[in-house]
Structure formats: C-alpha cells, structure tokens
Amino acid sequence: SREIIIAGAQMGPIARDESRASAVARMVALLDRAARLGAQMVVFPELALTTFFPRWFMADQQEIDIFFETAMPNDAVAPLFARARALGIAFTFGFAEKRIADGRVRRFNTSIMVDTAGEVVAHYRKIHLPGHAEHEPWRAFQHLEKRYFEPGEAFFETVPLLGGRFSMAICNDRRWPETYREMALRGAEVATIGYNTPLHYAQMPDHDHLQSFHNHLCMQAGAYQNGMWVVGVGKTGVEEGCALLGQSCIVAPTGEIVAMAGTVGDEVIVAVCDLDRCAEIREHVFNFARNRRPAMYPLLSAT
Ligand code: ING
C-alpha cells in the first residue's frame, strides 16, 4: 500500500478588508492542526488569500487588482511556506494571480502545488470560468469570474509528489467530467480541488437546495469513474453577506466520502489515502485499456 495522510483545510469567510496576514495566519493555524493529525499534504480552498471578490462589480482595475498577487511566493505567504517547510508538509492553495507574460498583463484564478521542501512544483490556472463578464444588477450578487480572470491555457498536468501523482483543478472544473477523465488519462491518483460555491445560483434559484447534492455528486462520480482520490475543500460560511457551501470532503476511488467537514468555518478534515486503492477501480471496472472505447466517442475529443 502507498498510504498518504491528506488533509483538507476548509476556511470560513474572509472579509473584504481582511488582510493577507490575517488569512495566512489562519492558514498556518490550519496547517499546524493538520500536522498534529499526521497530514503529509494539506489542500486549501480556491482564492484562499482574499474574499471571493468576483461577487462585486468593480469598474476600476486598480481596485480589482487589490485582490491579486503579483508574485508567488511573496512576503504575505512567507509564514505559510516557512511553517510547511519546517513541518515537511506539501500543500496547495488558490489565489488571484496577476502576471506579465508575452509582454502583457494577464490575470488568472490560479492554484499552486508546493512540495515538502517548500518549492512550487506546479501551477494550475482555472480552465472552466463560471459566471458572467458584464455587470448584471438583477442578481443578488455578481459572479464576475469571466470578467476578472482569463481562462487557463495549460492542460491538467500531473505532478509526482509523496510517492503519488497529483493533479489540481479549481471549483467549477469539478463539475465537468472531462476534468477527471483528462487527469486520470494522465495518470493522476489524487485530484485536489478548492472551491468557493454560493448556495444561491441566480439563474436557477430552484436548484439552490441542490448545491450540496451537486457538489458531492460531481466529486464522487469523478472519483469513482476515474479511480482517483478527490479532495474538495471549500471557502465557507456567510462571506460578506453571501452564503458559501461547506461540506469539504475527501472521496475515495470507490466514490465513497471518507471524510467531511461538519462546520462552515475553519476546519481540518483528514483521511489516510492509500493510493494503491486506485487499482481497485482502474484495473477492473474502469480499466481504460481493456474496457474504454475512445473510437466510439468521437465527439468527446471534438473541440
Ligand atoms: N463557483 C461555483 C462553482 O462552480 C457555481 C459557481 C455555483 C456553478 C453553483 C454552478 C452552481 O462551484 C466557482 N467559483 O466556480
């Protein structure tokens, strides 16, 4: 068996004016608690350093850019990197990334993977951006990810770490079956997925009561149909008046939820994840080589 103890570090609300130092201090406290529980890897939510700012329309780019990091690592997250390195713990977290690339400023909803030595070993930039690009005042709150971020242009890579292979996704990505299949075809054994999910979905309020069900449905199906561990970790609670879904969870390759958060605040969940258990699925019911027939799904690979 290849057992890794993985923790999900769920976070409660981050206020609009909460400092990076405050959010990072909370992350360090969660890391310490995860360490006491034996964790070797800690997964933090999407946009873990700031409030979920796409809930507001802002016209002024300078105001928007307050929520972005222009370097990573940076001084604000140094205490987190230092503590994790001292503890020998790998971790992932999401943040708003502003970078200069190809001679122009680019902004992404990004997640990074940091190894046990404190080195950034992978970036992932959110591929499926939900929401809308223009101010829509009819909504109780905005969801302007399509305005504030560009879609990621790199694929779902896998990273060798702690004796396994890890892939990152972010929030809306977890709703798309393609996310998990692409990761699994690339050999991923664990998918880490941070999320910020409002309980209210403005275009379809009749589904609001289904947010919890859909959250787990997607990750349990993704885990089972691809024989992967899935670690889904939310930013939760009522954040600036907007209720965000909790129920962070760790899902086994069988699709079973083996750990789940019970609060809507800062909370650590932990599970012993035997990566060899992926084979229970990938060598049998979802043996891709033996049973999958990609030639019969030509539209799946069509752009
Ligand atoms: N948030 C939400 C998510 O995909 C959403 C958007 C909410 C989509 C509810 C569908 C239903 O979980 C982010 N940040 O992607």
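Modeller: A nitrogen atom of the ligand lies 3.3 Å from an N or O atom in the side chain of Glu46, which is a polar contact (a pair of N or O atoms within 3.5 Å). This is a predicted model, in which local features need pLDDT of at least 70 and side-chain atom pairs count only at pLDDT 80 or more, while totals for chains, interfaces and linings use all residues. Residues are numbered from 1 along each chain as its sequence is written, and side-chain values use heavy atoms, with hydrogens and water left out. An oxygen atom of the ligand is 2.8 Å from an N or O atom in the side chain of Arg175, and a polar side-chain atom of Thr197 lies 2.7 Å from an oxygen atom of the ligand. Of the 370 Å² of accessible area that the ligand has on its own, the protein covers 93% (Shrake-Rupley method, 1.4 Å probe). Altogether 14 residues surround the ligand, and Glu145, Cys171, Asn172, Arg175 and Thr197 are the closest, where a surrounding residue has a heavy atom within 4 Å. This shell divides into four nonpolar, five polar and five charged residues, with Asp, Glu, Lys and Arg counted as charged, Ala, Val, Leu, Ile, Met, Phe, Trp, Tyr, Cys and Pro as nonpolar, and the others, Gly among them, as polar.

Conventions
A polar contact is a pair of N or O atoms within 3.5 Å; within protein, one must be able to donate a hydrogen and the other to accept it, and residues adjacent in sequence count only if both atoms are side-chain atoms.
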